[in-house]
Amino acid sequence: MRKARFWGLLCMLFVSEVQPASDPDEERYEYTEGQSLTLGCPFNIMKYASSRKAWQRLQAGREPLTLVSTDRPTGNPSEVRVGRYMLTDVPREAMLHVQMTNLRVEDSGLYRCVIYHPPKDPVLLFHPVRLVVTRDPSATLAASDVPTPNAANIPTPAATKNLSSAGSTTPTQHLPRSPTVVSSPDPGVTFTNVTSVVRYGFRGSRLLLWVSVFIFIVPVVCGFLSKALVFIVLFAVTKKSFG
């Protein structure tokens, strides 16, 4: 039974090697965004252990796009990473491991593992892989739960203008006048009201005038009266003496 399985696997590998790279059979892989594709492509260890391998994307009407390829191996396991693509060649297992990380919707398409020896045509190692990447349903639901702004709640320019006008009608309060401050030659003296200063200054000048009159006129009057009194006394004495 084991021998039959071995010869069956060997025949499958032989057939896959002689098939052209345009094998119409496909294997379908379905993933959601953010997941990783991992698969293994078997090869004939006796024939391709030291051959370069590649992971290609088939494009309609164009040459296949080589995403990543291995260097010529030495019989030991080797690993090559280019961006989100990684190839691990394990000759002892006769297996090429392929990994694509962080899958996106635009990654959906047809891919294949090949023996890569340009300028010769590549040799298909495994059935072409039909990769289908869909959006994560949970992410879609989370995006749909985000509230959208309601047009009725968005203020229009006219409403904004009205609000601005309403805000500008606030009654203006007049601040009380501060008393006028007049500086005097003496820095320690200030007058807080010019009108009071003028009024009190006028009164002071009148008082000063009366004091001046009193000071200058009273002595004059007193002197005149004293002289008149002396004259009257002398006149009386003289008249009595000659009388």
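1. Buried means under 20% relative accessible area. At 4%, Asp 107 therefore counts as buried. The model is predicted, and every point below should be read that way.

2. Asp 107 pairs with Arg 84 in a salt bridge, with the closest N and O atoms 2.9 Å apart. The pair links distant parts of the chain, 23 residues apart. Asp 107 sits in the loop between β7 and β8, and Arg 84 in the loop between β5 (78-82) and β6. Arg 84 is buried too, with a relative accessible area of 15%.

3. The structure holds 5 salt bridges. One of them joins Arg 130 to Glu 26, with the closest N and O atoms 3.2 Å apart. Arg 130 lies in strand β10 (residues 129-134) and Glu 26 in the loop between α1 (2-18) and β1 (27-32), so this bridge ties together parts 104 residues apart in sequence. Arg 130 is partly exposed at 30%. Glu 26 is partly exposed at 41%.

4. Arg 28 and Glu 30 also meet in a salt bridge, at 2.6 Å from N to O. Arg 28 is exposed at 55% relative accessibility. Glu 30 is exposed, with a relative accessible area of 55%.

5. Check the backbone at Pro 119. The peptide bond from Pro 118 to Pro 119 is cis, with omega near 5 degrees. Pro 119 is in the loop between β8 (109-115) and β9 (123-124).

6. Two non-glycine residues deserve a look for positive phi. Ala 94 has phi near 50 degrees. Its place is the loop between β6 (85-90) and β7 (95-100), and Ala 94 is buried at 15% relative accessibility. Asn 102 also has phi near 50 degrees. Asn 102 is in the loop between β7 and β8 and counts as partly exposed at 41%.

Notes: Residues numbered from 1 in each chain as written. Predicted model: local features only at pLDDT ≥ 70, side-chain atom pairs only at ≥ 80, totals over all residues. Heavy atoms only, no water. Helix = DSSP H or I, 4+ residues; strand = E, 2+ residues; numbered from the N terminus. Buried < 20%, exposed > 50% of the residue type's maximum accessible area, 1.4 Å probe, protein only. Salt bridge = Lys/Arg side-chain N within 4 Å of Asp/Glu carboxyl O.
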